[in-house]
Amino acid sequence: MKKSIGLISLLIFVTALVSCSSEAATEETATDYPAAIMADDSIYLLSAEPMEEEIDESAVIGYTEYYTDTFPERNGETNFNRELNMPFAKVEGGIAVLYENKWYLCTPNE
């Protein structure tokens, strides 16, 4: 009898543990967003590599004003850098953002 109760308790514990870990995994993937910025009412995704060319200051069309932990929903909002006032400029293929002292191409999220 004691073995049966111990086995049932162990089974309940393992079931609860598996249930909690699968919920945590679902929550993690639900909040994992690609690095993005919103400008001109469009979402742009940050490229992994910096651009080789420099961007002239006259091409700057704005500066980041907001940070979010989710996907950007307003112009000037980013989810990859909490520091604000990063300049971004219109370039061929999307926009470029000055991040960590290098320009990165951000392409439209299609």
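Q: How much accessible surface does the protein have, and what share belongs to carbon and sulfur atoms?
A: Accessible areas come from the Shrake-Rupley method with a 1.4 Å probe, and for residues only the protein chains shown count as cover. Here the total is about 7,900 Å², with 54% belonging to carbon and sulfur atoms. This is a predicted model, in which local features need pLDDT of at least 70 and side-chain atom pairs pLDDT 80 or more, whereas totals for chains, interfaces and linings use all residues. Residues are numbered from 1 along each chain as its sequence is written, and side-chain values use heavy atoms, without hydrogens and water.

Q: Which elements does the protein contain, and in what order?
A: Helices (H or I, at least four residues) and strands (E, at least two) are DSSP runs numbered from the N terminus. The protein has one helix and eight strands, in the order α-β-β-β-β-β-β-β-β.

Q: Is Thr64 buried or exposed?
A: Buried means under 20% relative accessible area, exposed over 50%, and partly exposed in between (1.4 Å probe, protein chains only). Thr64 counts as buried because its relative accessibility is 0%. Thr64 lies in the loop between strand 3 (60–63) and strand 4 (66–67).

Q: Which residues form the largest nonpolar core?
A: Such a core is a set of buried Ala, Val, Leu, Ile, Met, Phe, Trp, Tyr and Cys residues joined through side-chain atoms within 4.5 Å. The largest has twelve residues: Ile37, Ala39, Tyr44, Leu46, Phe80, Met86, Phe88, Ile95, Val97, Tyr99, Tyr104 and Cys106. Strand 7 gives the largest share, three residues.
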